[in-house]
Amino acid sequence: MEKRLSSDSNKSVFKSIKSVSPEDFEFYCEMIECVPAHICSFLPDGTIKHCNESFARMTGIPKEELKDKNLFTLLYTTDSDKIINQLKSLSPEDHTNISIHSRTSATGQTIFLEWRNRAFFDDKGKAAHYVSVGIDVTEKHRTALTLKESEEKYRMLFDSSPVGV
């Protein structure tokens, strides 16, 4: 599943970031740690520049050890190539997307994450870095699967019933 979003131009975002005071920057960093989502900023080659504690817990690697590691080697998902291709497909005109991927968590369980990816581009239109925010949608996914299985079961019972309802 993939959706495209539109938002403000890269230049206005960069101007906003550059004008943030040290106090505001500290506030934003604290806020990122409080958000119930996995947040990661990385370069086009996959080098992680920043992540929050939630992202670190998801990978099973301490946050301090994640900086400068390659995100693409940490994906632990059958969708790795698809994820990389989705990131590469982003452009200055179409710089965000949403996708859902399954992965094995640090505890060995299969989880489903909805990722919102945002690419930032330089003046020449080349990707400079990315920010990805992931939200665990495992329960939502399991509930939908259970509902689908139940509907299929009752459809089969209805269709095989000798008496019409």
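**A walk through the predicted chain**

Arg142 and Glu139 are joined by a salt bridge in which the closest N and O atoms are 3.7 Å apart; a salt bridge here is a side-chain nitrogen of Lys or Arg within 4 Å of a carboxyl oxygen of Asp or Glu. The two residues sit three residues apart in helix 6 (residues 138–160), about one turn of the helix. Arg142 is partly exposed, with a relative accessible area of 39%, and Glu139 is exposed at 56%. Buried means under 20% relative accessible area, exposed over 50%, and partly exposed in between, with a 1.4 Å probe and protein chains only.

The model is predicted: local features need pLDDT of at least 70, side-chain atom pairs count only at pLDDT 80 or more, and totals for chains, interfaces and linings use all residues. Residues are numbered from 1 along each chain as its sequence is written, and side-chain values use heavy atoms, with hydrogens and water left out.

Because Arg155 and Asp159 are four residues apart in helix 6, about one helical turn separates them. Arg155 is partly exposed at 48% relative accessible area, while Asp159 is exposed at 53%. The whole structure contains five salt bridges. One of them joins the side chains of Glu33 and Lys63, at 2.5 Å from N to O. This pair links distant parts of the chain, with Glu33 in helix 2 and Lys63 in helix 4 (residues 63–66), 30 residues apart. Glu33 is partly exposed at 31% relative accessibility, and Lys63 is partly exposed at 24%.

As for the overall layout, the chain has six helices and six strands. Helices (H or I, at least four residues) and strands (E, at least two) are DSSP runs, numbered from the N terminus. Along the sequence they follow the pattern β-α-α-β-β-α-α-α-β-β-β-α. Of the 165 residues in the chain, 33% are buried. Contact means heavy atoms within 4.5 Å. Among contacts between residues at least 6 apart in sequence, 48% join residues at least 24 apart.

Strand pairing comes next; two strands count as paired if DSSP finds at least two bridges between them. Strand 6 pairs with strand 2 in the antiparallel sense over five bridges, and His38 has Gly134 in strand 6 as its bridge partner. Strand 6 also pairs with strand 5, again antiparallel, over nine bridges. Here Glu114 has Ile135 in strand 6 as its bridge partner. The hairpin of strand 5 and strand 6 has five residues between the strands, and Gly125 in this hairpin takes a positive phi near 85°.

In soluble globular proteins, nonpolar side chains tend to be buried together. A nonpolar core is defined as a set of buried Ala, Val, Leu, Ile, Met, Phe, Trp, Tyr and Cys residues joined through side-chain atoms within 4.5 Å. The largest such core has 24 residues, and those with the most contacts inside it are Ile48, Phe55, Leu66 and Leu71. Two or more residues come from each of strand 2 (38–42), strand 3 (48–51), helix 3 (53–59), helix 5 (80–88), strand 5 (110–121) and strand 6 (127–136). Strand 5 gives the most, with five residues. Not counting residues up to four places away in sequence, Leu71 touches Cys40, Phe42, Gly46, Ile48 and Phe55.

Asp45 lies in the loop between strand 2 and strand 3. Asp45 is partly exposed, at 46% relative accessible area. Leaving aside neighbours within four places in sequence, Asp45 is in contact with Asn70 and Phe72. Asp45 and Ala128 are 83 residues apart in sequence, yet 9.9 Å apart in space, C-alpha to C-alpha.

Accessible areas come from the Shrake-Rupley method with a 1.4 Å probe; for residues, only the protein chains shown count as cover. Phe27, Tyr28, Met31 and Val35 form a nonpolar surface patch, with about 350 Å² of accessible area together. Patches are made of residues with over 30% relative accessible area and no salt bridge, with like charges joined within 9 Å and nonpolar side chains (Val, Leu, Ile, Met, Phe, Trp, Tyr) within 5 Å. Val35 is in the loop between helix 2 (22–34) and strand 2, and counts as partly exposed because its relative accessibility is 33%.
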